[in-house]
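Please read these notes with the sequence and the model open side by side.

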Amino acid sequence: MVTNEKLGKKKNKADATLIPNPLDQTCIHPESYDIAVRFLSFIGGTMCEIGKPEMQQKINVSLGKEGIEETAERLQTTVHTLQVIIDGLSQPKTFDIRTDFDKPDFKRSIVCLEDLQVGTVLTGKVENATLFGVFVDIGVGKAGLIPIRFITEAKLSKTKRRRSLGLGPGEKVEVKVLNVDIPRSRISLDLLRVL
């Protein structure tokens, strides 16, 4: 949202003030903001109530009357999307799923890129999963990348083989260092196994 625009003049940075969207502090994807706003209107909630007990009460009352399936149909969305929206609106603003993740056991002798050697086996924690690979924190201040071609079904557990992305944030993994590019601060890793 942009405000304080001067009409008839060129815009410059001093003429506009950005107002953050309260939904940006939730797990709701920006593509679903329109549905979230319609859901808020449907239950009689406001943006100011996000993450507060009043929001949870309004959600419970609304879903108690009409159920999640009917509400999703009324909002022209899927039950899964509506559940994510409900979770995002009812979780406290300070909620961060990553705080419950286990901490990996880093090697004390390896604390920076220069300490890494090709072939070293380390444990780490998945930070982010992308279409081209998985970024893993191995305790050197820079995440290493496991390219997607190294994430094979044989290295994943049976439950993880069924998911579209084999690994997700917070999972502990054992990796082997394939390459260290110190000038570009890049680390290439191979997945050995999921812990």
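**Notes on the model**

1. Strand 3 and strand 4 form a hairpin, with three residues between them. Strands, like helices, are DSSP runs numbered from the N terminus (E and at least two residues for strands, H or I and at least four residues for helices). Strand 3 covers residues 121-129, and its pairing with strand 4 is antiparallel over four bridges. Two strands count as paired if DSSP finds at least two bridges between them.

2. A word on what is being read. This is a predicted model, in which local features need pLDDT of at least 70 and side-chain atom pairs count only at pLDDT 80 or more, while totals for chains, interfaces and linings use all residues. Residues are numbered from 1 along each chain as its sequence is written, and side-chain values use heavy atoms, with hydrogens and water left out.

3. The chain has four helices and seven strands. Along the sequence they follow the pattern β-β-α-α-α-β-β-β-α-β-β. Of its 195 residues, 35% count as buried; buried means under 20% relative accessible area, exposed means over 50%, and partly exposed lies in between (1.4 Å probe, protein chains only). Of the contacts with a separation of 6 or more, 50% are between residues 24 or more positions apart. A contact means heavy atoms within 4.5 Å.

4. Strand 4 also pairs on with strand 5 (residues 144-147), antiparallel and over four bridges. In this pairing F135 stands opposite L145 of strand 5. The hairpin of strand 4 and strand 5 has six residues between the strands, and G139 takes a positive phi near 90 degrees there. Why is strand 4 largely enclosed by the rest of the structure? Four of its five residues (133-137) are buried, so the rest of the structure largely encloses this strand.

5. N128 belongs to strand 3. N128 is partly exposed, at 39% relative accessible area. Apart from neighbours within four places in sequence, N128 is in contact with G133, V134 and F135. G168 is 40 residues away from N128 along the chain, yet their C-alpha atoms are separated by 6.8 Å.

6. T71 lies in helix 2 (residues 53-74), and L82 lies in helix 3 (residues 79-90). T71 counts as buried because its relative accessibility is 0%. L82 is buried too, with a relative accessible area of 0%. Not counting residues up to four places away in sequence, T71 touches F39, F42, L63, E66 and L82. On the same terms, L82 touches F39, I68, T71, A72, L75 and T77.

7. Which residues have the most contacts inside the largest nonpolar core? They are L116, V136, I138, L167, V173 and L189, in a core of 21 residues. A nonpolar core is a set of buried Ala, Val, Leu, Ile, Met, Phe, Trp, Tyr and Cys residues joined through side-chain atoms within 4.5 Å. Strand 3, strand 4, strand 6 and strand 7 each give two or more residues to this core, and strand 7 gives the most, with four. A second, separate core has 18 residues, among them F39, I43, I50 and I85.

8. The second largest pocket holds about 180 Å³ of space. Its lining includes F135, L145, N179, D181, S185 and R186. Strand 5, strand 6 (172-181) and strand 7 (186-194) each give two or more residues to that lining, with strand 7 giving the most, three. A pocket is an open set of points on a 1 Å grid over the protein atoms alone, with protein on both sides within 12 Å along at least five of seven lines, and lining residues have an atom within 4 Å of a point. The volume is the space filled by probe spheres set on the points, which are joined across faces, edges and corners.

9. Most residues other than glycine have a negative phi. Q76, in the loop between helix 2 and helix 3, has a positive phi near 55 degrees. Q76 is exposed, with a relative accessible area of 70%. S185, in the loop between strand 6 and strand 7, has a positive phi of about 55 degrees. S185 is partly exposed, at 29% relative accessible area.

Technical notes. On a 1 Å grid over the protein atoms alone, a cavity is a set of points where a 1.4 Å probe fits but cannot get out, and a pocket is an open set with protein on both sides within 12 Å along at least five of seven lines; lining residues have an atom within 4 Å of a point.
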